[in-house]
Amino acid sequence: MSKVKKKIKSIKIDVDKCNGCRACEMICSAFHANPKYSSNNPERSRIRLIREPLKDVYLPIYAGEYAKAECMGRDKYVIDGKEYGECSFCRASCPSRDAFKEPDSGLPLKCDMCEDLPPGEKPLCVQRCLNDALIYEEREEEVEEEVKLEDVETGLESMVDKYGLQKIMDTVARMSMSKKG
Amino acid sequence: MRYAETGFNLEIDLSRGNIERVETDPKLTELHLGGLGTNAKILWDRVPPETEPFSPDNLLIFGAGLLCGTPAPGANRTIVTTYSPQTLLMAYSMMGGFWAPELKYAGYDKVIIRGKSPRLVYLWINNDKVEIRDASHLQGKGAVETQEMIRQELKEPKAQVTAIGLAGENRVYFASIEQGRSSASRGGIGAVMGDKGLKAIAVRGTKDIQIARPDEWMKLVNEVIQYIKFREKNLIPGVIPILARLGSPQEMAIHDEEWHTTNFMWGNARQRRRDFWTKEVEQQWRETQESVRTRLISCYNCPLKCGATISAPGISTYMMKCFSKLTYTMAAYSDLDFGFKIAGRATEYGVDGYSTPQVMAFALELYENGILTDEDMPGMPSDTEGRFYWLLDRIVRREGIGDVLANGTYWAAQQIGKGAEAYAHNNIKKQEQLPLKLGMLNPVYFLMYSTGEKINITQIEGQFPQAPFPTKEEREAFVKDWFQVPDERFKQYFLDWELRGENSNPYYPTVEATCEIVDWQERMHYIDDALGMCAGLSSFHLKPPYHIHNFPALISSATGIDMDEAGLSQAAKRNRTLIRAVNIRRGMRRADEKPPEDHWKKRFPELEAKLLDAYYAFKGWDHQGIPTKASLHELDLDYVAEDLEQRGIIKNE
Ligand code: SF4
Ligand code: SF4
Ligand code: SF4
């Protein structure tokens, strides 16, 4: 594979500054609604705030890759005497938990860094975090070219994992027949 | 499709164990918006005025505001409405936090509770699945503790839970309903919840909230956010710290308590300590605050941080909001450390942070003056702080004298007699008020205190400075970017208002100007309370991000309802008048509309009568404060007029 220049987009998360407002969840879901901002539902957000006020746990987590199986074991962190729940730091949309799945279809969600935004604009969750708990950073790096999965493909992959390829193909065939008919 | 609202209410009959999901009439949203407005409509329609607060027929309505759950920052209020056991009038306390948006995401605008459960239960609303569950294992548990226990037993860490503590279960007249970092505390609504045998309501929702015209809407919301940023950077000069910046008073963030501690009264709203705030006190209080405060926190979808997590040694962690930090401290002549600690216990018990300290200070005054004796207070410790804990424990359990005190200062004084009435001196309409005693009558505040239906000054005031600025230059600077005024003439009222001389309190603002200023202030609160907007970003503040000029377009683009400034003002007036009618039907009259006798040293009976007359007329009410037939007609409230006429309250001329 050839080397290409790639823009690395990252978000620095300063959990000490988080006030627990969940505006990031709300705006992410609104931005990804179709048409844009026509609805919102934090459950559809690609960032989730793990929030346990009485334990002072405030942890914004971004949805990463879809995982078809859960890990062999689970992890639990204790930092500065604060215990975080199992898998708290994991970004996967995984069978072991509800996070990062569309509430109706169960399809996995993944943070796309708001790729639909005009260049130069910061991701919505960052814009909307007025407490500066989320800081956007960008840099360029040389990396190997990769095949990028589209949203549809990621979704399909998870369906395939769940129902098997044959069943999905049959369903698509049936659906396209009835749409045409 | 319904926009901003869900279009459904949950009707729960606890006597019969019945649960219904009922579609609401969109026409009512046009007329009353939502939240407080539609709550009041339901109370008027369905609960006859003869109904006792502790009757199964009384309703307890949890209403999410119209904009709750939408991207509008600060739209997160739950408005709880019922008949108050304390004032016997309509109570409408509100809470911020996360509960109202969650309810909307679950697919409901309101939860309406009627009947009484024979045993203690809680309600579990999980989208379309709603159950009444046994709560006998939660009996006597703290309000904070209960929320956590329910989340755990449901295995739903994201459920938002609102709960009562022991005080609500025992029907203490100033029991609160607690929820995370917030509470609906005024008017004893927690007692009504306890009377219904309802310990808590847990909600989890994963549905969408729709917006009618998304592009237009987001543009407006973004303007609001930009202005919040601007206001946070540009504090208003010349006013006290809590008014200089947005938020429900930033009590958890600020250390400078000079204003409250030297202007508000200590004890049973008795003594002003002008020299209290010294360098040493400031140092000590700063240390206390920083050592117990873990984090500053907000409500749903709000960039501000009005609450804090408090972890003080020896007590369980809780979340505190605004002013309860000082009420216990000042009532007991103690310090901040005591304040934080007793407030922790009080939050678990679930009691109002305004009334409770005053009730206890009142009891101690009665004791010091021989009206209550050792016989009434067997085993009470000798130090004030110990006595406060002792009293608190007895009040929430209704033990001994606690049973009497649990009804608040007004009713306790009636029961105790022997001149105790004189000590219940800081009430309006039977409810304890902020401990504030001042010199010269302020006409604007006179009207707000007297006629406010919420019976709580912080829920009426805002927009207009509380006092004149000393110099012309300061006043001119203030009005320069004051675009929130409904009309340019409000600027002139402020410019002409002076500390001394002809244009000063009590004769300036003039009677007419006073009416207009009060009307503006309360109008903005009525709009907020219908939308579920936090007053800390809106009506409570000088120069807030939400105002009469941007609200109509916000409402219209979110809901699809046509709305302009006149229409919005009319809706607010309709709600305000309907609530007045509810209270009039329950017997409230002009004689009840007065501030505490000693609120101001200098009173002006003639002027006060004139102010009331003028304000009543301005509002379309008669000499008794009863809405006239004509004004009700103009507000599409003919059915109210008819009812009042049938009852002989409006005389048929
Ligand atoms: S918007 Fe910022 S402060 Fe609010 S929850 Fe998200 S990360 Fe925390
Ligand atoms: S970067 Fe964009 S897609 Fe990712 S969580 Fe934030 S708002 Fe959502
Ligand atoms: S301003 Fe304060 S009280 Fe109001 S919504 Fe925001 S955090 Fe809550």
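Biologist: How do the residues of the shell around ligand 2 divide?

Modeller: The ligand 2 shell has nine nonpolar residues, one polar and two charged. In that scheme Ala, Val, Leu, Ile, Met, Phe, Trp, Tyr, Cys and Pro count as nonpolar, Asp, Glu, Lys and Arg as charged, and the others, Gly among them, as polar.

Biologist: Before we go on, what sort of model is this?

Modeller: This is a predicted model, where local features need pLDDT of at least 70 and side-chain atom pairs count only at pLDDT 80 or more, while totals for chains, interfaces and linings use all residues. Residues are numbered from 1 along each chain as its sequence is written, chains are lettered from A and ligands numbered from 1 in the order in which they are written, and side-chain values use heavy atoms, with hydrogens and water left out.

Biologist: OK, back to ligand 2. Which residues surround it?

Modeller: Ligand 2 has C28(A), H32(A), R46(A), I47(A), Y62(A), C111(A), D112(A), M113(A), C114(A), P123(A), L124(A) and C125(A) around it. A residue is in if one of its heavy atoms lies within 4 Å of the molecule.

Biologist: And which residues surround ligand 3?

Modeller: Ligand 3 is surrounded by residues of chain B: N76(B), R77(B), G247(B), S248(B), S298(B), C299(B), C302(B), L304(B), C306(B) and C534(B). By class, the ligand 3 shell comes out as five nonpolar, four polar and one charged.

Biologist: How many salt bridges across chain B and chain A?

Modeller: The rule finds four between chain B and chain A; it asks for a side-chain nitrogen of Lys or Arg within 4 Å of a carboxyl oxygen of Asp or Glu. R204(B) and E43(A) make a salt bridge, at 2.7 Å from N to O.

Biologist: How many residue pairs are in polar contact there?

Modeller: Between chain B and chain A there are 21 residue pairs in polar contact, both residues at pLDDT 80 or more.

Biologist: What are the cut-offs for a polar contact, and for helices and strands?

Modeller: A polar contact is a pair of N or O atoms within 3.5 Å; within protein, one must be able to donate a hydrogen and the other to accept it, and residues adjacent in sequence count only if both atoms are side-chain atoms. Helices (H or I, at least four residues) and strands (E, at least two) are DSSP runs, numbered from the N terminus.

Biologist: Now inside chain B. Which domains does the assignment give?

Modeller: Chain B gets domain 1 (8-204) and domain 2 (438-646), with bounds from an automatic or database domain assignment. In chain B, 39 residues of domain 1 contact 37 residues of domain 2. The area buried between domain 1 and domain 2 of chain B is about 3,300 Å², with carbon and sulfur atoms giving 67%. In domain 1 of chain B, L33(B), W44(B) and Y92(B) lose the most area to domain 2 of chain B, together 25% of what that side buries.

Biologist: Salt bridges and polar contacts between domain 1 and domain 2 of chain B, what are the counts?

Modeller: Zero salt bridges between domain 1 and domain 2 of chain B, and 19 residue pairs in polar contact, both at pLDDT 80 or more.

Biologist: Which domains does chain A have?

Modeller: Chain A splits into domain 1 (2-144) and domain 2 (148-181). Five residues of domain 1 of chain A contact six residues of domain 2 of chain A, and the area buried between these domains of chain A is about 590 Å², 55% of it from carbon and sulfur atoms. The rule finds one salt bridge across that interface of chain A. D161(A) also pairs with K68(A) in a salt bridge, with the closest N and O atoms 3.8 Å apart.

Biologist: Last one: how many helices and strands in chain A?

Modeller: Chain A has four helices and seven strands, following the pattern β-α-β-β-β-β-β-α-β-α-α along the sequence.

Technical notes. Contact means heavy atoms within 4.5 Å. Buried area is the accessible area (1.4 Å probe) that two parts lose on being put together, summed over both.
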